[in-house]
Amino acid sequence: MKNRFLIIVIFFLTIKGFAQTTIIPDYANDTRVITTGVPFALIATDARAAGLGDMGVATSPDAYSQFWNASKNVFSENQSGISLSYTPYLSKLVNDIGLASLTYYNRFNENSAFGVGFRYFSLGEIEFVEDEFSEPVIQKPNEFALDVSYSIRLSDQFGMGVGLRYLRSDLKLQRDNVDAKAASTFGADITGYYQSEEQAYSDFNGRWRGGFAIQNIGPKFKYDEAAPENFQPTNLRLGGGFDFIFDEYNKLGLTAEFTKLLVPTPPILGNEYEYIDENNNGVYDEGIDTLGDEVRSNVVFSGQDDQVPFLSGMFQSFGDAPGGFKEELQEFTYALGAEYVYQDAFSLRAGYFNEHETKGARKFFALGAGFKYNVLNLDMSYLFSSSKVPSPLEGTLRFSLTFNLGAGEYDEY
């Protein structure tokens, strides 16, 4: 389909508040969505993770561990695997925007594994027509990421992994700017995964799981010298879960995951006025502007600065929210997921994802199912939005396909 327009979402920031000596906005109630470049890197690529509420850092290993927590590869039961997935985006409006992914992993031995992954996000075809006499010009903006990873098992229950990623974003349209070009950068991941031995309880056996991942650690990038720099979607994922193993046929896994963007909060720009009641009648006359228009201050106004290096921005992101600790907590998202598995051949999944109203307002429920036959896995998921803000993935049915090579090569469960 040829789209004539790009779909652009713009967030308006409104700052209000009054005080006797200075204007101090009610920061905690403002909408301050943290934006980054290449946001497609945060979209769940596979149907299993999507069916659990967009989580994957502490779930059991699968072929998509490359995109969530590469250290899980070294706990895989299979020697290697290949996965394919496609996620339609804004499917209610258009039919040619989507995210495709391909992964491959190989477990060398008991203690090491490597993986590669490729993600391609297409915005379809954009058709520009100057007038009725001109030939239409068609452009195809897109983004992609190429990943490689290596993981090592440091003990029977714990492993770590590192990953490198090349990102390329070709969203600049040359209709108005002939000098437009694609932007590119690189990033790194640091991950860890813990999986306990199976333990016997009174009525069932169980296993604990835990994981962390710091993803997309890398320099900022921009399209041209005149454009501002963009932060990568550097993020921290923390998760934990427990598997209820009722017998050799039935298992239930419960998992929780928390995520925070390690990107500075957007700045508060504006004025700081002194208000003076010269007549002592309760009416305050506007006095001197002590900051000036669009001036940043480390005291009253704070947040993301174009000049902040990416590494400093990561540490700054834990304490720069203008609303203080309360707003910092609002920048965490959380997901809850449950997965029932029967005979390692059939799975039912449910999940919930929550993001604070002032930080994007993504809230949704998800359902999913998985089927395994011989070396083939088929997973599917469906999303129900519970937010006032419509989700671009609402009502989207997603499918993922996995080929397990060397199935059952390692005994991990």
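The following dialogue explains how to read several features of a predicted model.

User: How is a salt bridge read, and how many does a search of the whole structure find?

Analyst: Side chains of opposite charge can pair when their charged atoms come close. A salt bridge is a side-chain nitrogen of Lys or Arg within 4 Å of a carboxyl oxygen of Asp or Glu. Searching the whole structure gives 18 salt bridges. In one of them, the side chains of Glu331 and Lys260 meet at 3.1 Å, N to O. Glu331 lies in the loop between α4 (325–330) and β16, and Lys260 in strand β13, so this pair ties together parts that are 71 residues apart in sequence. Such elements are DSSP runs numbered from the N terminus: helices are H or I with at least four residues, and strands are E with at least two.

User: Are Glu331 and Lys260 buried or exposed?

Analyst: Buried means under 20% relative accessible area, exposed over 50%, and partly exposed in between (1.4 Å probe, protein chains only). Both Glu331 and Lys260 are buried.

User: Which strands hold Arg349 and Asp379?

Analyst: The side chains of Arg349 and Asp379 form a salt bridge of 2.9 Å, N to O. Arg349 belongs to strand β17 and Asp379 to strand β19, so the pair ties together parts 30 residues apart in sequence. Arg349 and Asp379 are buried. A network of salt bridges links Arg48, Asp62, Glu339, Arg349 and Asp379.

User: What are the accessibilities of Glu357 and Lys363?

Analyst: Glu357 and Lys363 form a salt bridge whose closest N and O atoms are 3.5 Å apart. Glu357 has a relative accessible area of 46%, so Glu357 is partly exposed; Lys363, at 13%, counts as buried.

User: Which residues lie closest to the centre of the second largest pocket?

Analyst: On a 1 Å grid over the protein atoms alone, a pocket is an open set of points with protein on both sides within 12 Å along at least five of seven lines, and lining residues have an atom within 4 Å of a point. The second largest pocket has a volume of about 900 Å³, the volume being the space filled by probe spheres set on the points, which are joined across faces, edges and corners. Of its 39 lining residues, Ser60, Glu77, Lys251, Asp344 and Lys372 are the closest to the centre. Elements that each supply at least two lining residues include α1 (47–51), β13 (250–261) and β18 (363–373).

User: Where do residues other than glycine have a positive phi?

Analyst: Asn216 has a phi near 60° and is found in strand β11 (residues 205–217). Its relative accessibility is 3%, so Asn216 counts as buried. Gln343 has a positive phi of about 55° and lies in the loop between β16 and β17. At 41% relative accessibility, Gln343 counts as partly exposed.

User: Which atoms are used to state how far apart Pro392 and Pro88 are in space?

Analyst: The C-alpha atoms are used: Pro392 and Pro88 are 9.2 Å apart in space and 304 residues apart in sequence. Pro392 lies in the loop between β19 and β20.

Terms used: Residues are numbered from 1 along each chain as its sequence is written. This is a predicted model: local features need pLDDT of at least 70, side-chain atom pairs count only at pLDDT 80 or more; totals for chains, interfaces and linings use all residues. Side-chain values use heavy atoms; hydrogens and water are left out. On a 1 Å grid over the protein atoms alone, a cavity is a set of points where a 1.4 Å probe fits but cannot get out, and a pocket is an open set with protein on both sides within 12 Å along at least five of seven lines; lining residues have an atom within 4 Å of a point.
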